[in-house]
Amino acid sequence: MAPNRVNRLADYRVPAIVLLLLAVALATRIYGAWCLRYNLNPDAGVVALMVKHMAEGRDFPVFFYGQPYMGSLEPLISAVLCRLFGLSGFLVCLGTALLGFLTLPVIYCWTRELDSSRVAGIAALAFLLVGPFGYFHYQISPRGGYAATLLFGTLVLWLSGRGIVREWQGSPPRAAWFLLLGLLAGLGWWSNQLVTADLITAALLVVLLLSPRRLALRTLAAAAGFALGSWPFWWWNAAHQWASFGFLGTFARRPMGEGLSLFFLDRLPDLLDLAGATQPQKFFCGAIYIVAALITAGVMFQAGRQRRLPGGVFGLMLFAFILISALIFSTSHFAEMNSPRYLLPLVPVVAVMVGVMTARFQAWLPAALAWAAWLPLLILVACQFPALQWAGRRARGEAAYQRQIESVGTFLNERRVAAAYIPYSLYAWHFALREVIGLSELGLDRYPAYSRQAELAERIAVFHNAGGLSEFLSAYGGSARLEQPSGVDVQMDFAPPSSAHSRLPVETIERITDSKGRDGRALAMDYNLDTWWESAAAEGEDEWVEIQFRKPERLSQLRLLFFPQYPPELQIEGRELGGDWRALTPVLLASWYFWSGPRPYCGDWLYRLNIVFAPVTVEALRLRRIGVKFGIRELQLYAPGGAEVPETQAFPELVRLIQERGLNRLYCDRWVANALHGAVGEEIQVPLEPTIFSGKSGRLDAEMSFTPQTGILARQEDADGCRAVLAARLVRMRETAVSPWVLFDFEPARWEDTTAAELGLQWAGFACFLSRNKFWTVTLARRADEYFLNSRKEEALELLFRAAREYPDYHPVTERLAWYFEANGRMDEAEHWRKESARLASPEIAAEIRFRNGAIFRGLTLGPGQVRPGEEFIIRYYWKYPTKPLLRLPRVFVHFQGKEGFFQDDHLLPRGASADNQPLPETFCHERTVKTPADLPAGQYAVKIGLFEPGFAGALRPGRPDSRGRRLRADTSLPDEHNAFILPVTLEVKSAVP
């Protein structure tokens, strides 16, 4: 054969090998995509849903459903394929596989830059025909952008390296090059913030190694490209309170040394399949990787000495990327997660090092032994083939699982189950059933439409005892039928516990005492949600609350509203006539669920604890619990009642009555609200679950307000409570029995416009309660103003007296009482209320300081102004606040400064510092008891005051106290020392009593 023909064959051989390797790599990825085509991993199932919705034009999510990170570019590629060729699980996976495949040519080029030998590039490709198990898995399974992250991260590194090399070779890249670089970086950032290490590495080397003369123009071009590529990320965050940046709190979570040790000795070996390998495999493969790194480092240094620019630049980039990745990883919360996927961007650089090692071995060995240079690579590749076997086994297992899912779907359809609650582990069933059944993750689903579907469904099911449903039914009553279609546990056909109860009047209870002997009856049974009995027991102690009746009562249900949280465990005991205490319930565990109408609901909206037990006659009840401290907002007791009418049976009559009376707003329980929303839509506003129906115009909040077309629907046993609360707020409504409910609404002829004001009422699902007494007091004061102007002075005074009882020590009311009495010539009473108002709002020592944050200090009252060491004295500070809430609540510092002594009364600005707490202009009086030091020298002490805003200079690491901050400047005529303002008062400290 002619020599020139041999040379031509040699020239064709390398491209042919490269193309062959790329073809094999593509085939392995297509095979893997086919094996995982059912997408039955829950994360893959979420991405498959995103693809389905985008392909159908139904939704275009910016991020992985339910998360403010992992962008949707990778699913978008799959959506295009499904749009073109039809929806299938294989095409969903194929989009990911194709993106992953596109990374390979970039890795080949990077390896060739570092080591000019073609052998190096071929070996790098051979290493990634399959790749380590985690790498292969995330190259074929759509899991939220990992394939896109590798592609864009590797492209950014390679292109930035090429730009550096070109500039040093005399062909500087144009601005368009940096625009492209920024665009790819932006797409990578949107896809997954794991690309951060790639971006930092590229930016660092570009700044250090490129000419600063054109840095401004290049930076501008790169920034423009980055903004364009990452535009969906910024657009979404601007509309969602910058939620994606919550990841910033994941850093500084552990000491760096500990994190680096974990990175190199645990997570990196796991990424490279060494964690679960046999001892010989760990030894040989680990040694190979270490040697590859050392040889690559040697090639980099040699390239530097020989002035081979590409080798030096790309080698420096490789090791800088590893170091930066290690530093970021070691201090973040990712180090706490035992998963190799957070290190996937390192796989390309490992492939580069393996390729360089193979090429160097072949160059160093004699020609006869050149084949031996490939043995280390073959050992590594051989360890990767189990990933292909796993994919085959996974395909067979998921095919059987898909048939099981379809069987369960058929079972539910035949029984007309509209929706079901599922654990997240079953989330892939959505795509597997093509969304025929409404499956919702318990709580708030990551795709809100599913939560809405489950919320509105009449017939629901619960899979795999999600949320502890069986325990809820056992503890709180009711039943469900357990079915096992195709071996899957499904609970359905719910029957609530008996709701035939009648509420015991408050007067039947003599006292409610806790383990410390305190009586909580007035707080726990006052129909006011702003007041509550609070446990005084130490954290973790067994607290109990005893309810003593005036005479023996027959009981069957206890309802509790807790604050701020429900106890994790609770048990009810009863003391029968002349007998001992015995348990009426088992230990009740906190549950997601509560009954409303014919079915259970989950979540926090209008949640209450209804505890049903066998009817029993007792002299007293006792609530016992173990765990966190808690408070009882309201406690209600019920006796067995008569026959009941199912709510589903009475519902059509309720709808007819609502439409007949033209009601367009109804406060009702959760089932009724959902049923009405399903029946008439937004023709009527109802209290829908806010997290599920956020932004709905047809949704009422818990804070109640009235129009002439507003109604209240309460069960008959709760109607008495509503009557009492409405009477307390001077609201007159007619009542209509619609068994099992009572409908309260306004007769058109008896509607009063004053009823539309702030009444301080709150809906709790089953009844209305008092709340926000301050706002109700303001309503009374404004009504009194109208009465006074209309010469109804006695009625005005009556309203003001009521306001003073409802919300004592409120100076807008005391001021009005003083004015009105004076206007009526009742000077003695006017003087009394004027003094009361002065006590509440007028300091004895006026000293106005207008701070720059809007807070105004008006002065103080110091009492006698004399004290001895070790004694206490009372000081009152008077404040006014801006009409808008303060963004950061500052601290008040008060320094008592003498010639030889010093003490402080530093404290937080009172929590009233917001517009919500001053519906009428108000001065807030903050009373403090201060104790002087026992060794305080006698003398005259000046008083200095100011506001300190912590954290102004910047936040420190999480978990560390923030000592930084600033003193706020102010406008005042008072002297000051470094924004500490000297008040026109002195405190005299007398000598200690001998």
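Mentor: Start with contact, which means heavy atoms within 4.5 Å. Helices (H or I, at least four residues) and strands (E, at least two) are DSSP runs, numbered from the N terminus. This is a predicted model, where local features need pLDDT of at least 70, side-chain atom pairs count only at pLDDT 80 or more, and totals for chains, interfaces and linings use all residues. Residues are numbered from 1 along each chain as its sequence is written, and side-chain values use heavy atoms, with hydrogens and water left out.

Trainee: Which residues of α7 and α14 meet?

Mentor: On the α7 side there are Leu157, Trp158, Ser160, Gly161, Arg162, Ile164, Val165 and Trp168. From α14 come Leu309, Pro310, Val313, Phe314, Met317 and Phe321. By class, that contact has 11 nonpolar, 2 polar and 1 charged residues. Ala, Val, Leu, Ile, Met, Phe, Trp, Tyr, Cys and Pro count as nonpolar, Asp, Glu, Lys and Arg as charged, and the others, Gly among them, as polar.

Trainee: At what angle do helix α7 and helix α14 pack?

Mentor: About 145°, with their axes 10 Å apart. Axes are lines fitted to C-alpha atoms, for helices over the stretch in contact, and angles run from 0 to 180 degrees between N-to-C directions.

Trainee: What about α15 and α16?

Mentor: Their axes come within 9 Å and cross at roughly 145°. Val354, Met357, Thr358 and Phe361 of α15 make the contact with Pro376, Leu377 and Leu380 of α16. The class count there is 6 nonpolar, 1 polar and no charged residues.

Trainee: What makes Glu619 and Arg575 a salt bridge?

Mentor: The rule asks for a side-chain nitrogen of Lys or Arg within 4 Å of a carboxyl oxygen of Asp or Glu. Glu619 and Arg575 have 3.5 Å, N to O, so the pair passes. Glu619 sits in strand β15 and Arg575 in strand β10, so the pair ties together parts that are 44 residues apart in sequence. The whole structure has 54 salt bridges.

Trainee: Which peptide bonds are called cis here, and what is omega for each?

Mentor: The bond from Phe563 to Pro564 has omega near 0°, and the one joining Ser739 and Pro740 has omega of about 15°. Pro564 is in the loop between β9 and β10, while Pro740 is in the loop between β19 and β20.
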